[in-house]
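I opened my notebook and decided to look things up one at a time. Here is what I wrote down as I went.

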Amino acid sequence: MTDQATIDQEITDRRGSRPGRTHPPRDYAPYRSTALRHPAHPPVAVKDPDAVELSGPVFGTGDVTPFDHDLTVHHPGQPLGERITVTGRILDRAGRPVRGQLVEIWQANAAGRYAHERDDHPAPHDPNFTGVGRCLTGDDGRYAFTTIKPGAYPWRNHRNAWRPAHIHFSLFGTAFAQRLVTQMYFPGDPLFAYDPILQSVTEQAARERLVSAYDHDLSVPEWSLGYRWDIVLDGPAATLFEEA
C-alpha cells in the first residue's frame, strides 16, 4: 500500500515544484503564451471545500445520449476526412477502471480548422463536422468515439509553427470542480519535434503516454481506422494534464 506522503510527493512532482518533475513547468518559454496564462500568485484557500462540491454544477446520466460519442452524425451529410475510432480505458493509479466518468472531446476538422468563430486559419470549414462529442465510461472504464482524424494547423507561436494532429480530452468526476484536460496525439507525427507544447514534457516516457497506438483490430473494414489510448488519472504512470 502506498502511504499518503508518497502520494503527496508524486502530486507535488507532477505540479512542477522541484527538478526532475514529469509535469511541464507552468511557465515554459518556448510556449510563449504560458507567460500570460500561468498562475503568478499562490492558490486561494477555500474555507469550506465540501460546500464548493455541493453547490457546484453536476451532470446527470440522462444528459448524455447514446449518439453523442459519434462525431460523424447529427449533420445533413458525411464529414470529409479519414474516419477513425478512438477508444481506451480510464484507470486509477492501481489500474482499476473508473466507471461512469464523463469524457468530452473537441478537435479541428480534417483540414485543421475548428468550428469556432475565433479560428481564422484559412482552411475550409466542414458544414458536416462540428468537432465535439461526449460519452460515459462503462463498468470496465472504457470510452469510445467515432470521429475524423484532425489535421495539423498553424498557431503562430513561432515562425512556421504547426501543431501536430491531436484531440482534446476533458474528464469529469462527480462534480465539475474535478475537471481534468489533456491531449491525445497520433503515432509517427513528424511535427512532434517542432511542437513546444509536447516538448515541454521533458521525460520521454511521460511524453509517449500522450501518443495513441494504432490498433488494427479496432479498424472496421471499409469504414474506419482504430486507435487505442488509455488515460491513467494518478500515480507514476499518470497521463499528463493541461493546467489552466
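**Entry 1: a ring pair to begin with**

Are Tyr143 and Phe145 buried or exposed? I looked up both, and each of them is buried. I also noted that the model I am reading is a predicted one.

Next I turned to the rings themselves. I reminded myself that a pair of aromatic rings is described by the distance of the centres and the angle of the planes. The count of aromatic pairs came to nine. Tyr143 and Phe145 form one of them, with 5.9 Å from centre to centre and 45 degrees between the planes, and this pair is tilted.

I then looked up Phe169 and Trp229. Their ring centres are 5.0 Å apart and their planes stand at 65 degrees, so I wrote the pair down as edge-to-face. The cut-off I needed here is that planes over 60 degrees apart count as edge-to-face. Phe169 belongs to strand E7 (residues 166-172), while Trp229 is in the loop between E10 and strand E11 (231-232), so the pair ties together parts that are 60 residues apart in sequence. Both Phe169 and Trp229 are buried.

To finish the entry, I noted that ring pairs link Tyr143, Phe145, Phe169 and Trp229 into a cluster.

**Entry 2: more on Phe169**

**Entry 3: Thr182**

Thr182 is in strand E8 (residues 180-185). I wrote it down as buried, because its relative accessible area is 1% and the cut-off for buried is under 20%.

What does the side chain of Thr182 reach? I found that it reaches the backbone oxygen of Leu240, at 2.6 Å.

**Entry 4: Asp215 and its partner**

I moved on to the loop between strand E9 (213-214) and strand E10 (225-228), where Asp215 is found. Asp215 is buried, with a relative accessible area of 16%. Its side chain makes a polar contact with the side chain of Arg228, at 2.9 Å. Not counting residues up to four places away in sequence, Asp215 touches Gly226, Tyr227 and Arg228.

**Entry 5: charges over rings**

Which ring does the charged end of Arg83 sit over? I found that of Trp223, with the charged end 3.6 Å from the ring centre.

**Entry 6: positive phi values**

His74 has a positive one, near 70 degrees. His74 is in the loop between H3 and E1, and it is exposed, with a relative accessible area of 55%.

Arg156 also has a positive phi, near 60 degrees. I found Arg156 in the loop between strand E5 (153-154) and strand E6 (162-163). At 59% relative accessibility, Arg156 counts as exposed.

**Entry 7: Pro76**

Pro76 is in the loop between helix H3 (49-55) and strand E1 (83-91). I noted it as exposed, with a relative accessible area of 84%. Pro76 and Pro127 are 51 residues apart along the chain, and I found 8.5 Å between their C-alpha atoms.

**Entry 8: an annotated stretch**

Over residues 86-114 I noted 0% helix and 38% strand, with the end C-alpha atoms 19 Å apart.

**Entry 9: the whole chain**

Last, I stepped back to the protein chain as a whole. It has five helices and 11 strands. Of its 244 residues, 42% count as buried. The chain exposes about 13,900 Å², and carbon and sulfur atoms supply 56% of that area. Among contacts with a separation of 6 or more, 67% come from residues 24 or more positions apart.

Note on methods:
Residues numbered from 1 in each chain as written. Predicted model: local features only at pLDDT ≥ 70, side-chain atom pairs only at ≥ 80, totals over all residues. Heavy atoms only, no water. Helix = DSSP H or I, 4+ residues; strand = E, 2+ residues; numbered from the N terminus. Buried < 20%, exposed > 50% of the residue type's maximum accessible area, 1.4 Å probe, protein only. Polar contact = N/O pair within 3.5 Å; in protein donor to acceptor, adjacent residues only side chain to side chain. Contact = heavy atoms within 4.5 Å. Areas by Shrake-Rupley, 256 points an atom, 1.4 Å probe, with all protein chains shown as cover. Phe/Tyr/Trp six-rings, centres within 6.5 Å; stacked < 30°, edge-to-face > 60°. Lys NZ or Arg CZ within 6 Å of the ring centre and 35° of its normal.
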